[in-house]
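Have the viewer open and follow along.

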Amino acid sequence: MVDIEICKLWDICGNSRPPHFECGIRDVDRFIKKDARKHHKRGQTITFCGREKPTGTLLGYYCLSMDAHPTSELPSKIKNGSHVQSEKAFPAVYMPYLGVNRGWQGKGIGEHLLMDAVDRAGLIAENVGYFGMTLRAISPETRKFYCKLGFVPFTDADTFPVLMILPRRSIVETREMAADSVE
Ligand SMILES: CC(C)(COP(=O)(O)OP(=O)(O)OC[C@H]1O[C@@H](n2cnc3c(N)ncnc32)[C@H](O)[C@@H]1OP(=O)(O)O)[C@@H](O)C(=O)NCCC(=O)NCCS
């Protein structure tokens with residue numbers, strides 16, 4: 001079991017070059033290297049890093065922003081009966097990127113980072129109204145990874161990337177369960 005601490009990329013490196021990161025997916029590697037600090041500065045996307053305790057080695061990262069998606073694209077089991085069914089678009093906490101450094105993949109770090117992101121989405125839910133947390137799975141394997149943690153694909157078709165959603169009520173329940181298990 002890897003001991004992980006989560007901190008903001010900005011707090012680790014500010015304006016200087018981020019630590020080495022390579023997960024094998026070009027866009028995910030490029031974002032942390034080139035764009036993450038710029039996005040942080042203008043308040044567009046906040047990047048969170050998972051580091052090994054106590055070495056400080058960068059294990060992986062994810063980032064969060066807000067987005068709006070067309071309600072017509074929601075899976076009917078989530079849309080029907082919901083308060084957004086008659087709206088054109090719905091607001092969501094959006095996770096544009098998640099990646100784990102090569103050599104550290106398959107050790108539970110991706111799951112740990114995703115659960116931390118869901119926990120932060122839960123904190124937002126206590127203060128701001130929105131409909132769910134969304135992200136894009138880029139392959140059947142990543143779709144399976146997100147499904148295991150409760151995300152629902154917008155379509156069952158095998159076309160990628162595919163948008164996926166974790167409804168707000170599941171986010172709130174996850175957060176409450178985590179709080180109960182600490183008490
Ligand atoms: C996808 C990714 C974030 C998963 O993180 P991870 O730390 O390797 O995954 P974990 O160890 O927490 O969980 C692995 C589980 O996810 C599954 N999985 C799905 N996609 C995977 C992938 N590309 N690599 C490894 N495991 C993957 C495994 O089968 C495993 O399931 P199991 O617990 O039932 O055996 C990571 O592999 C990665 O960075 N991949 C490259 C970048 C990427 O694809 N990012 C996601 C963009 S949508």
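This is a predicted model: local features need pLDDT of at least 70, side-chain atom pairs count only at pLDDT 80 or more; totals for chains, interfaces and linings use all residues.

Residue numbers start from 1 along each chain, as its sequence is written.

Reading from the N terminus, the elements go β-α-α-β-β-α-β-β-α-β-α-β-β-α. The chain is as compact as a globular protein of its length, because its radius of gyration is 16 Å, close to the 16 Å that the globule rule gives for 183 residues. That radius is taken over C-alpha atoms, and the rule is 2.2 Å times the number of residues to the power 0.38. Along the principal axes, the C-alpha atoms fill a box of roughly 50 × 40 × 35 Å.

## Contacts and burial

Two residues are in contact if their C-beta atoms, placed from the backbone, lie within 7 Å. Take the contacts with a separation of 6 or more: 64% of them come from residues 24 or more positions apart.

For burial, count the other C-beta atoms (again placed from the backbone) within 10 Å of a residue's own: 20 or more is buried, 12 or fewer is exposed, and in between is partly exposed. By that count, 28% of the 183 residues are buried.

## The nonpolar core

A nonpolar core here is a set of buried Ala, Val, Leu, Ile, Met, Phe, Trp, Tyr and Cys residues joined through C-beta atoms within 7 Å. The largest one has 39 residues, and Y61, Y62, M95 and M133 touch the most other members. Elements that each supply at least two residues of this core include α2 (26-41), β3 (58-70), β4 (89-95), α4 (109-125) and β6 (132-137).

Leaving aside neighbours within four places in sequence, M95 is in contact with Y62, C63, L64, A117, M133 and L135.

## How the strands pair

Strands count as paired if DSSP finds at least two bridges between them. β4 and β6 pair in the parallel sense over 4 bridges, with V93 bridging to M133 in β6. On to β8: β6 and β8 run antiparallel, joined by 6 bridges, and here M133 stands opposite L166.

β8 also takes 2 antiparallel bridges from β7 (residues 152-153), where V152 has I165 as its bridge partner. As for cover, 5 of the 6 residues of β8 are buried.

## Around the ligand

Which residues come nearest to the ligand? Of the 21 around it, they are Q105, G110, E111, E141 and F145; a residue makes the list if its C-beta atom, placed from the backbone, lies within 6 Å of the molecule. β5, α4, β6 and α5 (140-148) each supply at least two residues of the shell, and α5 gives the largest share, with 4 residues.

By type, the shell divides into 9 nonpolar, 7 polar and 5 charged residues.

A cis peptide bond, with omega about 0 degrees, joins K53 and P54, and P54 sits in the loop between β2 and β3. The bond from F160 to P161 is cis too, with omega near 0 degrees; P161 belongs to the loop between β7 and β8.

T57 is also in the loop between β2 and β3. Is T57 buried or partly exposed? T57 counts as partly exposed, because it has 15 C-beta neighbours inside 10 Å. Outside the four places in sequence on either side, T57 is in contact with R51 and E52. The C-alpha atoms of T57 and H20 are separated by 9.2 Å, with the two residues 37 apart along the chain.

Finally, look at A178 in helix α6 (residues 168-182). A178 has 13 C-beta neighbours inside 10 Å, so it counts as partly exposed. Its C-alpha atom is separated by 25 Å from that of R136, 42 residues apart along the chain.

Terms used. Ala, Val, Leu, Ile, Met, Phe, Trp, Tyr, Cys and Pro count as nonpolar, Asp, Glu, Lys and Arg as charged, and the others, Gly among them, as polar.
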